[in-house]
Amino acid sequence: LEQWPYFVLAAAAAGVAAWAQNESAAVVPWNEHGLLQRTAQAAYGLVFYVWKTTWPTDLSPMYILERDLDPSRVKYVVSMVLVAVVGIACLGSRKRLPGVVTTLAVYAVVVSPVLGFLQSGAQLVADRYTYLACIPLAALFAALLVVAARKQALAVWLGVVPLPILFALTWRQTQVWSDPVVFYERVVAVEPDNYIGQHNLAAQIRIRSDRAPVDRNAELRRAVEHELLSIQAHPVRGNEGARHDLGVLYLLLGERAKTEEAWRECVRVSPDNVQCLEELWNLLLSRGDLAGATALFEQALVAQPPNLGVRELYANLLVKRGDRANAERIWRDGLAAEPRWVVGLVGHAECALNQSRMGEAEAELRQALALDGRNVEGWVLLGRALRGQRKVTEAEQCWQTALLLAPGHPGATALLEKSRQESAAGR
């Protein structure tokens with residue numbers, strides 16, 4: 001009974017953790033990994049951790065979770081069978097071997113949060129997850145040594161002899177964590193098809209080439225190889241970072257044609273990738289290809305409507321070029337698809353404001369702020385719309401609200417000071 005308060009605290013913390021992971025989009029949804037896949041992953045985890053604790057070879061900082069986990073694969077079938085057999089054996093031996101059954105039960109309970117039923121992240125399993133869960137296994141082993149030593153004193157050496165070996169292996173394994181490049185080299189050495197490991201290794205090689213006095217081009221070429229391996233291992237949506245960084249690497253090597261090819265392929269696979277779209281826009285404009293840059297965005301919008309993130313970027317890029325008419329069209333089309341699009345309401349209102357359509361701008365900005373009252377730019381623009389209609393007091397209140405949300409905001413500060421100076425001069 002005295003432990004129940006801790007159970008309540010643990011349950012509350014687990015709930016908060018699950019919510020936080022879900023909010024950060026780290027949780028794998030159930031429509032991607034159903035109950036059967038999660039059961040297979042959990043069974044594999046139960047077996048894997050005991051196996052790697054008993055025989056710690058080929059350890060990796062990250063074991064990749066397959067995008068399409070197939071429960072019929074041999075390793076999952078064998079794991080599920082082993083867990084079922086051990087579970088049945090435990091039920092039958094709970095009175096005869098209570099210590100063994102209790103040890104395995106405690107291990108299973110403690111490790112259960114990281115077995116994949118609430119999958120978070122891209123790892124199938126992780127060595128670090130069982131530092132606590134495997135303590136009962138060590139206790140069981142110690143108990144078996146005690147029992148053996150009662151019959152044969154020399155049996156205690158069964159526990160002592162492996163210690164120097166385990167110390168040495170532990171020290172060697174810690175070296176994997178000493179350097180980011182070494183870290184990811186280990187990941188891909190254990191799992192060559194680990195696309196995240198290949199991509200991160202390429203990124204770390206590139207970072208090191210910027211800092212260390214090495215043959216930079218040779219290092220960049222090596223990074224290119226690992227990005228290509230990452231894309232080969234995961235060629236579909238979900239690996240945009242590798243495609244984007246591949247283009248950056250080619251750009252650093254001066255191969256602009258390959259850069260464009262890499263970024264275009266990224267946009268083909270993921271039409272909502274605003275990073276590659278913006279990079280391509282600047283690349284095409286640098287050679288004067290405005291038609292190509294425009295077609296790029298129009299194709300992305302057709303490929304995945306309404307693609308609000310791309311619409312926002314496209315409209316802002318058009319405004320920078322002074323093409324306000326097309327920018328307004330982009331905002332308007334997005335709002336037709338999603339009337340509650342706050343960014344679109346603010347963007348379209350700014351277009352109206354710049355054309356002195358103050359009433360229209362005010363209405364749209366009030367709608368946007370009703371949906372998101374913390375939109376600082378919305379308050380700044382609403383102040384401009386009201387000031388343009390000589391509603392000075394209301395305008396200044398809007399700018400004051402903007403400054404409460406974002407202290408020191410340059411636009412709100414300048415507009416508020418100018419309004420007060422004009423009001424003072426008018427008096």
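**Entry: proline 339**

I started with proline 339, which sits in the loop between H16 and H17. I note here that the model is a predicted one. Next I looked up its contacts, leaving aside neighbours within four places in sequence. Proline 339 touches Leu345 and Gln367.

I turned to charged pairs. Side chains of opposite charge can pair when their charged atoms come close. How many salt bridges does the structure hold? I noted 17.

I looked up arginine 357, which forms a salt bridge with glutamate 328. Their closest N and O atoms are 2.7 Å apart. Arginine 357 is in the loop between helix H17 (342–354) and helix H18 (358–371). Glutamate 328 belongs to helix H16 (residues 324–337). The partners are 29 residues apart, and the pair links distant parts of the chain. I then compared their surroundings. Arginine 357 has 23% relative accessibility and counts as partly exposed. Glutamate 328 has 9%, so I wrote it down as buried, the cut-off being under 20%.

My next pair was glutamate 362 and lysine 391. Their side chains meet in a salt bridge of 3.5 Å, N to O. Where do the two partners lie? Glutamate 362 is in helix H18, and lysine 391 is in the loop between helix H19 (376–388) and helix H20 (392–405). The pair therefore ties together parts that are 29 residues apart in sequence. Glutamate 362 is buried, at 12% relative accessibility. Lysine 391 is partly exposed, at 30%.

**Entry: glutamate 255 and arginine 221**

I looked up one more bridge. Glutamate 255 pairs with arginine 221, and the closest N and O atoms are 2.6 Å apart. Glutamate 255 lies in the loop between H11 and helix H12 (256–269), while arginine 221 lies in helix H10. They are 34 residues apart, so I wrote the pair down as a link between distant parts of the chain. Arginine 221 is partly exposed, at 39%.

I wanted to check its length. I listed the buried residues of H10: Glu219, Leu220, Ala223, Val224, His226, Glu227, Ser230 and Ile231. H9 and helix H11 (240–252) are among the elements that cover them.

How many residues of H11 are buried? I noted 10 of the 13, so H11 is largely enclosed by the rest of the structure. Charged residues such as Glu240, Arg243 and Asp245 are among the buried ones. The buried residues of H11 pack against H9, H10, H12 and helix H13 (274–286). After H11 comes glycine 254, and its phi is positive, near 80°.

**Entry: threonine 103**

I moved to helix H4 (residues 98–111), where threonine 103 is found. Its relative accessible area is 10%, so threonine 103 is buried. What does it touch beyond its neighbours within four places in sequence? I found Pro136, Leu137 and Leu140.

**Entry: the second largest pocket**

I finished with empty space. Rolling a probe the size of a water molecule over the atoms shows where empty space is left. The second largest pocket holds about 740 Å³. It is lined by 32 residues. Closest to its centre are Ile64, Leu65, Glu66, Arg67 and Tyr195. Which elements each supply at least two lining residues? I noted helix H2 (35–54), strand E1 (63–64), strand E2 (123–125) and helix H9 (195–211). H2 gives the largest share, four residues. By class, I wrote down 18 nonpolar, four polar and 10 charged residues in the lining.

Notes. Residues numbered from 1 in each chain as written. Predicted model: local features only at pLDDT ≥ 70, side-chain atom pairs only at ≥ 80, totals over all residues. Heavy atoms only, no water. 1 Å grid on protein atoms, 1.4 Å probe; cavity = no way out; pocket = protein on both sides within 12 Å on 5 of 7 lines; lining within 4 Å. Points joined across faces, edges and corners; volume = space filled by probe spheres on them. Buried < 20%, exposed > 50% of the residue type's maximum accessible area, 1.4 Å probe, protein only. Contact = heavy atoms within 4.5 Å. Salt bridge = Lys/Arg side-chain N within 4 Å of Asp/Glu carboxyl O.
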